Amino acid sequence: ICSVGAFGPSQIANFFTKRTKELKPAVQSAPGWKLFGKVPPRENLQKDSKIIQQEYEARTGRMYKPPPPSTRRKNIEFEPLSTTALILEDRPANLPAKSVEEALRHRQEYDEMVAEAKKREIKEAHKRKKIMRERFKQEENIASAMVIWVNEILPNWEGMRATRRVRELWWQGLPPSVRGKVWSLAVGNELNITPELYEIFLSRAKERWKSFSETTSENDIEGASVADREASLELIKLDISRTFPSLYIFQKGGPYHDLLHSVLGAYTCYRPDVGYVQGMSFIAAVLILNLEEADAFIAFANLLNKPCQLAFFRVDHSMMLKYFAAFEVFFEENLPKLFLHFKSYSLTPDIYLIDWIFTLYSKSLPLDLACRVWDVFCRDGEEFLFRTGLGILRLYEDILLQMDFIHIAQFLTKLPEDITSEKLFSCIAAIQMQNSNKKWAQVFASLMKDNKEGDKNHSPALKS
């Protein structure tokens, strides 16, 4: 593992731009999504993960071999459409008639096709029934869990939140009806923000928007100095339309467009030292879907005030490097083969982790799965964000081991859409967040301590 101190000032300055340049495709099309700086034209639409895998296999001739299928040979690969379509009782008059043996063979083949079709139909029916049973069971579990949360846990929150029973129930996912309430309680309100304070900063944001529309062009806003972070208010308009575009509810004219605009604008005026950073819209959108407007703002401001989120959204390179270094400690511990594979290509965590951490996986995973990740993140804190990242790498380890730098980067940027909660959380559960008897917090604290000591050793005052 490379020491954090190995990064020089010039390397840190180019930490993000360097990787971006390496991965730029040649074709440009519609406006894209970028974490830092201006919003450029979008470089090529993201490829589907299956296409990425197929391209790599075609180019290299190496194929990912899935587990071997059943050894039982299937003679027929297609379904019979009808009797007359597959088997003719008599041939046309200008052709020789079938022999008895041929007619019997055709009849046997047809019977086999029908039998195979019936088997497949029965199998599909069983599969559908199984899915329905699992769905009903899940709904029953959610309903029973909701009763427990509403009647037992929430009324006795402080006394029950840390109990083993509640933690186990929490791991299984929060019922949607109590999710927002539990998130709010778990995140807390250390900043002591009130709904009245939200209204004050929302009014300020509206005044600023009005003044911008009267005096400032869009290009002037994008080129605003860091000292005037409130100028990033105007960038919010550009980013909202790219927030969960498939849902349409955050697009202009959608039911949540103005609400998202208000929460982000109020935060930008509340924290002008941070301003609006692209990626925030996804976090605010998830909160808006689960909480009332003022409560969403309170949770949003407190969530972004946590050390990890603050480090990323303020682009604190030094702190971000510590998080990446801590991640790699547990990466090597849990997935040594994949760790060495990544290392052989000099593929560093910033290439994929930045996008995951910035949006708390809400842009990278299906929304329902991202919400379940949020459930446990609210329970366990920043450690679970990095544990989830390792869970994703574990889930796709066999595929990633077959890929090179560019295909890994593309694959992890655009994860498969068929990723399921059960598979991912099974992999997350298998990740051990312990290294040499040190847990995440201890490893991270050790890296921070080493860095401070390194700063002292390199201090000009000490040298003199």
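Asp 273 is partly exposed, with 34% relative accessible area. Its salt-bridge partner is Arg 271, and their closest N and O atoms lie 2.8 Å apart. Arg 271 is buried, at 14% relative accessible area, because the cut-off for buried is under 20%. The model that shows this pair is predicted.

The structure holds 11 salt bridges. Another one joins the side chains of Asp 355 and Lys 363, at 3.5 Å from N to O. Asp 355 is buried, with a relative accessible area of 13%. Lys 363 is partly exposed, at 27%. Shared partners also link salt bridges into one network, which takes in Arg 167, Arg 379 and Asp 380.

Helix α7 spans residues 164-171 and carries a pair of its own. Here the side chains of Glu 168 and Arg 164 meet in a salt bridge, 3.1 Å from N to O. The two residues are four apart in the helix, so about one helical turn separates them. Glu 168 is partly exposed, at 43% relative accessible area. Arg 164 is exposed, at 67%.

Now turn to helix α5, residues 100-153. The helix has 54 residues and reaches 77 Å from its first C-alpha to its last. That is close to the 80 Å expected at 1.5 Å a residue. The buried residues of α5 include Tyr 110, Met 113, Trp 149 and Ile 153. Two glutamates, Glu 102 and Glu 116, are also among them. With 41% relative accessibility, Val 150 counts as partly exposed. Together with Met 146 and Val 147, Val 150 makes a nonpolar surface patch of about 220 Å².

Two or more lining residues come from each of α5, α8 (176-187), α19 (367-380) and α23 (421-430). The most come from α5, which gives nine.

Finally, look at the backbone. Most residues other than glycine have a negative phi. Leu 360 has a positive one, near 50°. Leu 360 is found in the loop between α18 (350-358) and α19, and is buried at 0% relative accessible area. Asn 437 also has a positive phi, about 65°, although it is not a glycine. Asn 437 lies in the loop between β3 (434-435) and β4 (438-439). Asn 437 is exposed, with a relative accessible area of 67%.

Technical notes: Residues numbered from 1 in each chain as written. Predicted model: local features only at pLDDT ≥ 70, side-chain atom pairs only at ≥ 80, totals over all residues. Heavy atoms only, no water. Expected span 1.5 Å × (residues − 1). Buried < 20%, exposed > 50% of the residue type's maximum accessible area, 1.4 Å probe, protein only. Patch = residues over 30% accessible without salt bridge, like charges linked within 9 Å, V, L, I, M, F, W, Y side chains within 5 Å. Areas by Shrake-Rupley, 256 points an atom, 1.4 Å probe, with all protein chains shown as cover. Salt bridge = Lys/Arg side-chain N within 4 Å of Asp/Glu carboxyl O.
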